[in-house]
Amino acid sequence: MMDFVAGCIGGVVGVLVGHPFDTVKVRLQVQSVDKPLYRGTFHCFQSIIRQESVAGLYKGIGSPMMGLTFINAIVFGVQGNAMRMLGEDTPTHQFLAGAAAGILQSVICCPMELAKTRMQMQGTGQKKSSSKKLYKNSLDCLLHIYRREGLRGINRGMVTTLVREAPGFGVYFWSYAVLTQSLGCEPNDSYVIPKLLFSGGMAGIASWIVTYPADVIKSRLQADGVGGVNQYSGIADCVRQSVRKEGYMVFTRGLTSTVIRAFPVNAATFATVTLVLTYARGEEEGPEECEPRHPDRHEYDSRR
């Protein structure tokens with residue numbers, strides 16, 4: 001139970017650290033290639049703060065915060081049970097258990113990220129004073145989508161979410177297991193916390209790099225229709241149009257902000273989980289093991 005609580009608290013910290021980077025990532029992924037608003041990651045940061053204030057970077061944060069507890073419950077429950085069923089704790093088993101957790105948590109992750117993406121795109125490029133809000137908050141956004149498009153609209157991007165989450169979580173848990181084993185951290189090692197932070201941060205980066213093309217398509221599909229007109233008829237059409245207009249480099253758009261975000265988010269999550277568990281078990285015991293129940297790589301979906 002304490003592992004679950006620690007994971008949730010760590011996830012909240014991860015959301016607060018990483019959400020501004022996620023907003024930049026989404027803006028860069030879905031902006032028009034013909035009339036781009038932003039020249040790159042840092043220009044996007046500057047433009048959002050100048051036009052929408054710092055609060056603009058936290059648009060849509062309500063959705064990941066709302067879904068955090070449910071996602072962590074699924075991830076921790078499925079991953080833990082899968083590891084017990086598989087028996088031996090090996091990197092391969094970590095990959096399989098992580099992939100299973102990624103598949104099941106997508107049920108909550110997809111609608112949550114849909115609301116997040118729509119909220120992040122709201123008022124893009126508009127001055128703070130002139131922005132007319134279509135959605136009041138994340139819940140209102142989901143209700144609005146449901147009234148217009150039904151359950152199918154709520155689950156827009158589900159297939160691409162599954163394609164991203166299954167290998168993404170698998171790579172995350174596998175990378176983390178390999179790194180912690182390679183670093184040889186022990187409970188009594190005075191550098192165990194930095195090693196955990198480094199392993200978690202690098203594992204998060206690795207998982208994002210592997211699954212980033214799927215994330216680009218997911219973001220475009222979920223942002224499609226914001227202006228009332230749908231540009232894509234499906235996944236294949238989105239890939240086809242994106243490549244034709246922007247080339248294959250379209251699948252790296254926003255990757256810089258994602259990689260920059262991945263390390264501190266996972267570092268913050270692991271640090272928080274470790275501190276909570278250390279406090280709960282008693283300061284004299286310290287961390288019981290090198291792998292503190294693998295918090296979510298996306299901090300709310302994590303990811304993502």
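**A pocket, a core and aromatic rings**

The lining of the largest pocket is made up of 9 nonpolar, 8 polar and 7 charged residues, where Ala, Val, Leu, Ile, Met, Phe, Trp, Tyr, Cys and Pro count as nonpolar, Asp, Glu, Lys and Arg as charged, and the others, Gly among them, as polar. This is a predicted model, in which local features need pLDDT of at least 70 and side-chain atom pairs count only at pLDDT 80 or more, while totals for chains, interfaces and linings use all residues. Residues are numbered from 1 along each chain as its sequence is written, and side-chain values use heavy atoms, with hydrogens and water left out.

**The largest pocket**

- The volume of the largest pocket is about 570 Å³; a pocket is an open set of points on a 1 Å grid over the protein atoms alone, where a 1.4 Å probe fits, with protein on both sides within 12 Å along at least five of seven lines, and a volume is the space filled by probe spheres set on the points.
- Its lining consists of 24 residues, and Val-30, Gln-31, Ser-32, Gln-231 and Tyr-232 lie nearest the centre of the pocket; lining residues have an atom within 4 Å of a point.
- Helices α1 (2–30), α7 (192–223) and α8 each supply at least two lining residues, and the largest share, 4 residues, comes from α8; helices are DSSP runs (H or I, at least four residues), numbered from the N terminus.

**Gln-241 in helix α8**

- Gln-241 is found in helix α8, which covers residues 235–246, and it counts as buried because its relative accessibility is 11%, buried meaning under 20% relative accessible area with a 1.4 Å probe and protein chains only.
- Apart from neighbours within four places in sequence, Gln-241 is in contact (heavy atoms within 4.5 Å) with Gln-231 and Tyr-232.

**Aromatic rings**

- The structure holds 4 aromatic pairs, a pair being rings of Phe, Tyr or Trp (its six-membered ring) whose centres lie within 6.5 Å.
- Phe-21 and Phe-45 form an edge-to-face pair (planes over 60 degrees apart), at 5.5 Å centre to centre and 80° between the planes.
- This pair links distant parts of the chain, with Phe-21 in helix α1 and Phe-45 in helix α2 (residues 41–52), 24 residues apart.

**The largest nonpolar core**

- The largest nonpolar core has 13 residues, and Ile-71, Val-75 and Phe-173 have the most contacts inside it; such a core is a set of buried Ala, Val, Leu, Ile, Met, Phe, Trp, Tyr and Cys residues joined through side-chain atoms within 4.5 Å.
- The largest share of this core, 4 residues, comes from α6.

Note on methods: Buried means under 20% relative accessible area, exposed over 50%, partly exposed in between (1.4 Å probe, protein chains only). Rings of Phe, Tyr and Trp (its six-membered ring) pair if their centres lie within 6.5 Å; planes under 30 degrees apart count as stacked, over 60 as edge-to-face and the rest as tilted.
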